[in-house]
Amino acid sequence: MEKEFPVAVLDASYFLSAILADFSDGKSEEAKAFIADLIGKNGQIVVPQLFWFEIGNVLVHAARPKKDGSPAKITRVQLAALERNIAALPIYTDPQPDAEIRLRIRDIALSEGLSYYDASYLELARRDSIVLKTWDEALQAAYDTK
């Protein structure tokens, strides 16, 4: 059962598709619309701590020139603007998982055939009965079978 308050767990793939066109595989508009609707309803995005490392890694790589000498996908000025915009979003970061939550994540990863990383998003969504938004097919399938 989903909560009445508009809230959703967004994995990095879904979130990044809304903010970086090169990351979207053509799904950018759907993610942008969902996030805009959620925020427009005074909703909240909920993420595990891992989310910030995934987002940061992708943004750093996007701002770094390619090894072949071609330019970066975004400038450092664009990177700073993205980071400011992200910081302004209503994103709640779940606290460091305790031993019980880590065991649940492990069990989900093993039973659903997911990475531990992806299982952390699914555990959070299941724990709080929150909608999970992802472009990862295996993660989506595991969420749909809850």
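## Basis and fold

Helices (H or I, at least four residues) and strands (E, at least two) are DSSP runs, numbered from the N terminus. This is a predicted model, in which local features need pLDDT of at least 70, side-chain atom pairs count only at pLDDT 80 or more, and totals for chains, interfaces and linings use all residues. Residues are numbered from 1 along each chain as its sequence is written, and side-chain values use heavy atoms, without hydrogens and water.

The protein has 7 helices and 4 strands. Their order along the sequence is β-α-α-β-α-α-β-α-α-β-α. The radius of gyration is 16 Å, close to the 15 Å from the globule rule for 146 residues, so the protein is as compact as a globular protein of that length. That radius is taken over C-alpha atoms; the rule is 2.2 Å times the number of residues to the power 0.38. The C-alpha trace spans about 45 × 35 × 30 Å along its principal axes.

## Core and contacts

Buried residues (under 20% relative accessible area, 1.4 Å probe, protein chains only) make up 37% of the 146 residues. A nonpolar core joins buried Ala, Val, Leu, Ile, Met, Phe, Trp, Tyr and Cys residues through side-chain atoms within 4.5 Å. The largest such core holds 43 residues. V9, F15, I55, Y121, L122 and L132 touch the most other members.

Contact means heavy atoms within 4.5 Å. Neighbours within four places in sequence aside, L122 contacts I108, E112, L114, L132, L139, A142 and Y143. Of contacts between residues at least 6 apart in sequence, 64% join residues at least 24 apart.

How values were computed: Buried < 20%, exposed > 50% of the residue type's maximum accessible area, 1.4 Å probe, protein only.
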